[in-house]
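Here are some exercises to work through with the model open beside you. Try each task before reading its solution.

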Amino acid sequence: IKAPHFLPTSQGVCTLTVAEIRGTQEPHKQNVIVKYLSKEGSFRKVFGSDLFLATLKPHLHELDPFNEERARDWVNEAITYYEAQKEEDQKELALRLTRFLDALKKYSGNISKTIEDSIDNKDLYLSAQGKEGEGDLNEGHLFLIDKVEVTIVNDLLNADDIVFIDLPGVD
């Protein structure tokens, strides 16, 4: 889209959701529209992630019917399991799950909603690193998001009403 660094890149987890990028010729129409999952959808996204193959993915089929307390218990058991491991990458998985539970609390008002935000805040919805320069990992928040639609001033995308779709990264 001739916009270097517009979308996040990383050797690790980067994006966890589908992003659609569209063009506009009107700068005041640049924005980000974010569709949040339900609580059940958020838990299913975590349980379905290959990041947690050893602990949560085996329980994915047991989420029917959905019981939030049971799902939280399994997440907490997984956190305890990963924290007890010696390898740093395993301890990192515990941190990722903790961030997910924290994000459920912090963004509870957005669950099952669609919100609109400024283009300046796009990294909050697209990147595990959050807003550029903050260094604050945002990954737990990304597990709550179903889809992000970004509208930017971009001649390439405007040319033929092209929509660029960025699929989830390393996962």
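**Exercise 1: a pair in a helix**

Arg44 is partly exposed, at 23% relative accessibility (partly exposed lies between buried, under 20% relative accessible area, and exposed, over 50%; 1.4 Å probe, protein chains only). This is a predicted model, where local features need pLDDT of at least 70 and side-chain atom pairs count only at pLDDT 80 or more, while totals for chains, interfaces and linings use all residues. Residues are numbered from 1 along each chain as its sequence is written, and side-chain values use heavy atoms, leaving out hydrogens and water.

Task: with which residue does Arg44 form a salt bridge?

Solution: 
- Arg44 pairs with Glu40, their closest N and O atoms being 3.0 Å apart (a salt bridge puts a side-chain nitrogen of Lys or Arg within 4 Å of a carboxyl oxygen of Asp or Glu).
- The two are four residues apart in helix 1, so about one helical turn separates them (helices are DSSP runs of H or I, at least four residues, and strands are runs of E, at least two, numbered from the N terminus).
- Glu40 is partly exposed too, with a relative accessible area of 30%.
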